[in-house]
Structures are given as structure tokens and as C-alpha cells.
Amino acid sequence: MRQQQFEFADDMDFKPGDHNYKRGWREWAKPQYDELPEAVRQLHMDIIGEKYGVLKQGGDLDIPMSYGLREVFESFDDETLAHSAHVIYFLGHWASNGKYSCSWWFTNMANQVLSKRLGVDNSIKQRGLFLRVHDGLIRLTYSNRDTWQWEEICTATRDHLARCQQVVDETGDYDDAVRVLKKEFGPVRPDFVVPQPWDVQINKALIGSGMKGVEIVSVNFDPHPFVITNKHVERSNGMFLDPTTAPCGHRGCTLLPDQHTHERALVIEGFVDGIGQRERLEKLVPLLEELKIDGLVFARDLDDEEESCEA
Ligand SMILES: [Zn+2]
């Protein structure tokens, strides 16, 4: 039996850290869909009702579009089409029943129209830093021979693309560009991740204090974090890395994995030394001890550097 108190009944269907897609559908996808223009919802219903037949992707993963259908998609402006493609994708993806399961047909065709308008070539396999159109959104993507990563930034409009391209050109770096653009555009949709037990308990204890516990970070590594090398990769069987199969990769280190220790710190946002805030944190100490949290880290702002102190 799980001890955790959940705010939402269907969080029980998921593990902490999982995405509660049922809540996402109920609280975001469906209400957003109901707000879309009538003409968009009609087109979506016609498409999933197979008015244009059972649609299939071609070899390039695009659904071939008849002229008449393309013309209807073209009648919507960038923002309407991009936002609708995003919402309709998740209306289908998060739905618990089959009624909306072909919604991605709409999004696939909207992406084709948008990527053509924006002049973004979605088909070619590029290397380096580039922008793509996906689920009605601009994705900043970085790929090389070994890695591939992406971040959803904003709706796929021509104005947004120009701004994204400007930031990419100015920074020339994936992480820097993501940081600048995320701060400017904010999240593309709300987060429905089921909170960890510490998250629920800490934030319940901090209600009304203006402060929030946002994450647990590892700090004060002694003497340093255990370093995994390719020997560990070669010698581990199965899908998990076994750190006991080879020595730590830190130069000159002969310590065993469990001789590398660290402390757990809770990151607190919203501490401005306001009235009663110190007292609220002091009252938190027994709970921190119970949760085996060693100290606090105060974040001034989402992006600002952090300042730490002992609990
Ligand atoms: Zn070591």
C-alpha cells in the first residue's frame, strides 16, 4: 500500500514521476480542444470520421494530401493551425477511449502545411543545431553521430521561427539557446507529472509561506562523484550499468562505489527572508530528517545561480 496522499484520484494509477495523461486530457487537452474555432473542430471531426478515407503515411511519413484537403488547412493562419495541431495531437494521444485515436492524422497534415510555410525541411536528417516543426510546435534539435536531443519551444509560426533562428544564430549553442527561448516563451503545456512523496509532503507543509520545494539535488560529493568509464559499459550485463565491475574513472582513485558519498539538498524557491519564512523553514526540519534530506538550497530565480545553507 502506498502511503502517499494524492491530490488527484487517478494519480493512484501512476507511479511518482510518471506523467498522468488522464489528468492531462481532462484538464488541458479536452478544454483546449473545446476552445478551438468551430471550423477547426469540424475539419478534425471530418478527418477522424474518415470523410477523406482511411489515411496512411507515405514512405516519408507524411500523409499524402488531396488538393481540396490542403486548401482547407491553408485557410487557417499560422497560430490557429499550429496551436490546433498541438492540442489535437494530445487530444488523441492522451485519450483513454478510441474515439480520438486517429487525431494524429490532423496533426501530420497540419505539420506539412506549417513546415512548408515556415520553409523548414522536416524530411532530411540534419546534423548540428537546427529547428523543426513537430506536433504544431517548433523543436530546437541538436544531433551528432552519438546523440540526438530536442526541446519543444513554441507554436510553429513564421514570427516564432524567426525569433528562434535569431537566438540559435546568436548563441550557437543548444543549451544556451534552450535556456533563452524557454525563459522567453515559457512552457508549451502544463506538466502533469505525479509528484514524488517528498514533493507532496514538503509542499503541503509550505502552503501559504510563499515558498516551494522544487527538486532534490545531490551536493557535497566526498571526495567526488563516482566516475563511470567505458570498462563499466563493456563489463556490465543486462540493461543496467554495474559500478562494481571496474574502478572509479577519477584519476588516481581506488575507492569502491559506496565509498563515494554525497548529501541530498532540497531546492527551495521563493525564500526572500519575508515575514515568518525562517520560522516555517525551522518547522520543516523534522520532516527533512524523516525524508533523509540533509540541507536546503535557495534558488533566487529559475535561472539565477543558487545560494546554499545548512538546514
Ligand atoms: Zn572515485
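**Figure 1. Helices and strands of the predicted protein chain.** The protein chain has 10 helices and seven strands; helices (H or I, at least four residues) and strands (E, at least two) are DSSP runs numbered from the N terminus. This is a predicted model, in which local features need pLDDT of at least 70 and side-chain atom pairs count only at pLDDT 80 or more, while totals for chains, interfaces and linings use all residues. Residues are numbered from 1 along each chain as its sequence is written. Along the principal axes, the C-alpha atoms of the protein chain fill a box of roughly 65 × 50 × 45 Å.

**Figure 2. Domain 1 and domain 2.** The domain assignment gives domain 1 (9-118), domain 2 (128-185) and domain 3 (197-310); such bounds come from an automatic or database assignment. The centres of domain 1 and domain 2, taken over C-alpha atoms, are 22 Å apart. In this pair, 15 residues of domain 1 are in contact with 10 residues of domain 2 (C-beta atoms, placed from the backbone, within 7 Å). On the side of domain 1 that touches domain 2, the elements giving two or more residues are α4 (78-93) and α5 (104-118). Helix α4 supplies the largest share, eight residues. By class, this side of domain 1 has six nonpolar, six polar and three charged residues (nonpolar: Ala, Val, Leu, Ile, Met, Phe, Trp, Tyr, Cys and Pro; charged: Asp, Glu, Lys and Arg; polar: the others, Gly among them).

**Figure 3. The crossing of helices α3 and α5.** The axes of α3 (residues 67-74) and α5 come within 10 Å and cross at roughly 70°; axes are lines fitted to C-alpha atoms, for helices over the stretch in contact, and angles run from 0 to 180 degrees between N-to-C directions. That makes α3 roughly perpendicular to α5 (65 to 115 degrees). L69, R70, F73 and E74 of α3 make the contact with M109, A110 and V113 of α5. These residues divide into five nonpolar, no polar and two charged.

**Figure 4. The buried side of helix α8.** In α8 (residues 197-205), the buried residues are W198, D199 and I202. They cover an arc of only 95° around the axis, which puts them on the same side of α8; the arc is that of the directions from the helix axis to the C-beta atoms. Their cover includes β4 (212-222), β5 (261-269) and α10 (277-290).

Methods
Buried ≥ 20, exposed ≤ 12 C-beta atoms within 10 Å, placed from the backbone. Contact = placed C-beta atoms within 7 Å. Parallel < 35°, antiparallel > 145°, perpendicular 65-115°, else oblique.
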